[in-house]
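Have the structure open as you read.

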Amino acid sequence: MKSAERAILLLEYLSAAKEPRALRDVADDLEIPRASAYALLMTLVHRGWVEPDATGSGFRLGIRALRVGASYVEHDDVVQRAHRIMDEMSQEWGETVHLARLDAHEIVYLATCISRHSLAVVSRPGRRLPCWGTGLGKALLAERPWEEVDALLPEALSARTVNTFTDREALRAELKAVKERDYAIDEQESTIGLRCFAVALDFGDGAVPKEALSFSVPIVRLDPERERDLVAALLDARERIVR
């Protein structure tokens with residue numbers, strides 16, 4: 001069991017790394033003996049879960065990790081229910097559509113249909129962002145009692161832009177507004193120049209919603225009329241998906 005736990009920790013560690021990590025980094029950061037770290041890396045390299053970089057001294061995730069991640073998305077029930085409708089939305093409106101799931105205090109992108117415009121928003125499946133800094137996350141947080149949200153969030157709310165909510169009371173008021181409005185707005189809180197509209201997907205099974213759907217649109221392509229149309233399309237898509 002200890003070896004299995006270490007293997008999982010190592011894969012999670014490499015998945016979060018922005019560049020290949022050396023053996024020394026792996027051993028020090030995961031606080032395991034260097035000999036054990038080396039043996040674990042070599043086993044995972046042999047199985048295709050990890051691969052060395054061009055220098056041979058750094059390690060990153062291997063192609064088998066991609067296969068497993070792709071399989072997760074391909075077999076996910078919510079992705080299968082939403083994908084055709086997401087594609088129709090993107091084709092009709094020419095904007096990027098995202099589907100994401102809440103995981104602890106982060107949202108994880110499950111699927112994306114990319115805008116046909118040259119100025120487009122791209123978020124790869126598997127990407128993680130803080131839930132309080134995205135429309136998708138706020139749409140899902142608004143479905144929960146504040147006490148649950150407060151316990152879910154980290155002590156300090158980090159900012160991705162100058163518009164990100166970092167004050168708990170301000171975020172609480174924002175989530176109340178989201179609940180009353182029935183959709184969330186990301187007002188350049190995650191990315192400057194980008195406005196997002198998002199709705200939680202409530203499948204009516206008594207469970208608190210875990211998935212949300214969004215339009216992500218550069219503000220240069222928005223005016224009040226187009227915003228109303230996009231929100232109406234988003235609300236309609238939600239009803240079609242949950243049915």
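**Charged pairs and a helix crossing**

At 0% relative accessibility, Glu95 counts as buried (buried means under 20% relative accessible area, exposed over 50%, and partly exposed in between, using a 1.4 Å probe and protein chains only). Before going on, a word on the ground rules: this is a predicted model, where local features need pLDDT of at least 70 and side-chain atom pairs count only at pLDDT 80 or more, while totals for chains, interfaces and linings use all residues. Residues are numbered from 1 along each chain as its sequence is written, and side-chain values use heavy atoms, with hydrogens and water left out.

So what does Glu95 pair with? Glu95 forms a salt bridge with Arg221, and the closest N and O atoms are 2.7 Å apart (a salt bridge is a side-chain nitrogen of Lys or Arg within 4 Å of a carboxyl oxygen of Asp or Glu). Arg221 also counts as buried, at 19% relative accessibility. The two partners come from distant parts of the chain, 126 residues apart: Glu95 sits in the loop between helix 5 (77-93) and strand 4 (96-103), and Arg221 in the loop between strand 9 (211-218) and helix 9 (224-242). Helices here are DSSP runs of H or I with at least four residues, strands are runs of E with at least two, and both are numbered from the N terminus.

Now look at Arg195, which is buried at 15% relative accessibility. Its side chain meets Glu187 in a salt bridge (2.9 Å, N to O), and Glu187 is partly exposed, at 30%. Arg195 also has a salt bridge with Glu227, at 2.2 Å from N to O. Glu227 lies in helix 9 and Arg195 in strand 8 (residues 194-201), so this pair ties together parts that are 32 residues apart in sequence.

A search of the whole structure turns up 21 salt bridges. Glu19, Arg21, Asp25 and Asp29 are linked in a network of them.

Asp25 and Asp29 turn up again where two helices pack: helix 1 is in contact with helix 2 through Leu9, Leu10 and Tyr13 on its own side and Asp25, Val26, Asp29 and Leu30 on the other (contact means heavy atoms within 4.5 Å). Helix 1 (residues 2-16) and helix 2 (residues 23-30) pack at about 115°, with their axes 11 Å apart; axes are lines fitted to C-alpha atoms over the stretch in contact, and angles run from 0 to 180 degrees between N-to-C directions.
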